[in-house]
Amino acid sequence: MSATLEHTQPEKITGEALAQFIGTTRYYRYTMGLILTDGAAYLAKNGAAWLLDIIASARLVPAVRRAEFEFWTLRVDLTKHCAEVVCTDGNGEREANNLYRQHVGYTDFPLAEQRLYVVADSSLGKVVMLTSEY
């Protein structure tokens, strides 16, 4: 069912590297009861564990904890090296309810945007995945 994240030499996170994840072959236990798919684990192992830590720490917010589906968006200003992380209930762009928002004062994340889903699974718990893995 699950594996632990191994420490390996980090790879550069690219859109092409993330595009290879279209499902998962295993699940990885993470902090605060989160479960990561292969794609989310790839982010954690390659320098973006801080993003998964933000998602994990948001479990302390009652609205996030209760949500069956969470739509997370990281938007990076690549020139200023800062970002914003936003969680909504995924109810469309215009009608989505904001559940959580956090400013990131500095990041070297290489992509302008990264989206993740967190889905409640009755047997696993909260599963974090790339949108291509849904």
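The structure holds zero disulfides, a disulfide being a pair of cysteine sulfur atoms within 2.5 Å. This is a predicted model, in which local features need pLDDT of at least 70 and side-chain atom pairs count only at pLDDT 80 or more, while totals for chains, interfaces and linings use all residues. Residues are numbered from 1 along each chain as its sequence is written, and side-chain values use heavy atoms, with hydrogens and water left out. Buried here means under 20% relative accessible area, exposed means over 50%, and partly exposed lies in between, with a 1.4 Å probe and protein chains only.

The interior is described next. A nonpolar core is a set of buried Ala, Val, Leu, Ile, Met, Phe, Trp, Tyr and Cys residues joined through side-chain atoms within 4.5 Å. The largest such core has 37 residues, and those with the most contacts inside it are L36, L43, L52, W72 and V128. At least two residues of this core come from each of α1 (15-19), β3 (34-36), α2 (38-57), β4 (69-77), β5 (82-88), β6 (98-104), β7 (113-121) and β8 (125-130). These elements are DSSP runs numbered from the N terminus, helices being H or I of at least four residues and strands being E of at least two. Helix α2 gives the most to this core, with 11 residues. A second, separate core of six residues includes I35, F71, V119 and V127.

Not counting residues up to four places away in sequence, L52 touches Y30, L34, L36, A40, L43, A44 and V128, where contact means heavy atoms within 4.5 Å.

Helix α2 also contains N46, which counts as buried because its relative accessibility is 9%. A polar contact is a pair of N or O atoms within 3.5 Å; within protein, one must be able to donate a hydrogen and the other to accept it, and residues adjacent in sequence count only if both atoms are side-chain atoms. With neighbours within four places in sequence left aside, N46 is in contact with Q9, P10, E11 and I13.

The strands can be followed from β4. Strands pair if DSSP finds at least two bridges between them. β4 pairs with β7 in the antiparallel sense over seven bridges, and β4 and β5 likewise pair in the antiparallel sense over seven bridges. F71 stands opposite Y117 in β7, and the bridge partner of F71 in β5 is T88. The hairpin of β4 and β5 has four residues between the strands, and in this hairpin H81 takes a positive phi near 60 degrees.

Aromatic rings form a further set of contacts. A pair of aromatic rings is described by the distance of the centres and the angle of the planes. Rings of Phe, Tyr and Trp (its six-membered ring) pair if their centres lie within 6.5 Å; planes under 30 degrees apart count as stacked, over 60 as edge-to-face and the rest as tilted. By this rule the count comes to seven aromatic pairs. The rings of W50 and F109 have centres 6.4 Å apart and planes at 85 degrees, so this pair is edge-to-face. Because W50 lies in helix α2 and F109 in the loop between β6 and β7, the pair ties together parts that are 59 residues apart in sequence. W50 counts as partly exposed at 23% relative accessibility, whereas F109 is buried, with a relative accessible area of 4%. The pair of F69 and Y134 is also edge-to-face, since the ring centres are 6.0 Å apart and the planes stand at 75 degrees. F69 lies in strand β4 and Y134 in the segment after β8, so the pair ties together parts that are 65 residues apart in sequence. F69 is partly exposed, with a relative accessible area of 24%, and Y134 counts as exposed at 63%. F69, F71, Y117 and Y134 form one aromatic cluster.

The loop between β6 and β7 also holds T107, which is buried with a relative accessible area of 3%. A polar atom of the T107 side chain lies 3.0 Å from the backbone nitrogen of F109. Apart from neighbours within four places in sequence, T107 is in contact with W50, V76, H81, C82 and A83.
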